[in-house]
Amino acid sequence: MAKVKTIVKIHIEAGKATPAPPIGPALAPHGINISQFCQEFNEKSKDKMGFKLPVAINVFEDRTFKFVIKTPLTSQLIKKEVGIEKGSGEPNRKKVGKITQAQLKKVAQIKLPDLNTQDLEQAAKVIAGTAKSLGLEIVA
């Protein structure tokens, strides 16, 4: 296998990758086949439709590539779980909804592979911090 030339990190909507911006301009300077990347990404991400996914693309010197699709952003998972459109502009003053411990654990279970803990309770605490910053009240 060839040596890694660069790593490109980008957020792409699941199942909707096209050579248009922002993907094309981000990958074109590295000489990889953009349409091949888009086709592979769309195939691998179709089960996560509706989410914007962080992707790390390893570009090799021979212009081949490998990519890793991370879990959706925590804030997106929380908003979908609670059913809100967007978070509060003033999370300490204006609350936009409530989230239960069970919902926190459900989101934490999804995010566990990308967190730096394997303990579900600790992961739920991390998710709770994001929920608070969105203006959600945590209930038992």
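The conversation below concerns a predicted model.

Q: How many aromatic pairs are there in the whole structure?
A: A search of the whole structure finds five aromatic pairs. In one of them, the ring centres of phenylalanine 41 and phenylalanine 67 are 6.3 Å apart. Their planes meet at 50 degrees, so this pair is tilted.

Q: Where do phenylalanine 41 and phenylalanine 67 lie?
A: Phenylalanine 41 belongs to helix H2 (residues 34-45), while phenylalanine 67 belongs to strand E3 (residues 65-69). The pair therefore ties together parts that are 26 residues apart in sequence.

Q: And phenylalanine 67, is that buried or exposed?
A: Phenylalanine 67 counts as buried, at 11% relative accessibility. Phenylalanine 41 is buried too, with a relative accessible area of 0%.

Q: What about the rings of phenylalanine 65 and phenylalanine 67?
A: Their centres are 6.4 Å apart and their planes are at 25 degrees, so that pair is stacked. Both residues are buried.

Q: Which residues form the aromatic cluster?
A: One aromatic cluster is formed by Phe37, Phe41, Phe65 and Phe67.

Q: What sits over the ring of phenylalanine 67?
A: The charged end of lysine 44 does, 4.8 Å from the ring centre.

Q: Changing topic: at what angle do helix H3 and helix H5 pack?
A: Helix H3 (residues 74-82) and helix H5 (residues 120-133) pack at about 75 degrees, with their axes 10 Å apart. H3 is therefore roughly perpendicular to H5.

Q: Which residues make the contact?
A: Thr74, Ser75 and Ile78 of H3 meet Ile127, Thr130 and Ala131 of H5. By class, the contact has three nonpolar, three polar and no charged residues.

Key:
Residues numbered from 1 in each chain as written. Predicted model: local features only at pLDDT ≥ 70, side-chain atom pairs only at ≥ 80, totals over all residues. Heavy atoms only, no water. Phe/Tyr/Trp six-rings, centres within 6.5 Å; stacked < 30°, edge-to-face > 60°. Helix = DSSP H or I, 4+ residues; strand = E, 2+ residues; numbered from the N terminus. Buried < 20%, exposed > 50% of the residue type's maximum accessible area, 1.4 Å probe, protein only. Lys NZ or Arg CZ within 6 Å of the ring centre and 35° of its normal. Axes fitted to C-alpha atoms, helices over the stretch in contact; angles between N-to-C directions. Parallel < 35°, antiparallel > 145°, perpendicular 65-115°, else oblique. Contact = heavy atoms within 4.5 Å. Nonpolar A, V, L, I, M, F, W, Y, C, P; charged D, E, K, R; others polar.
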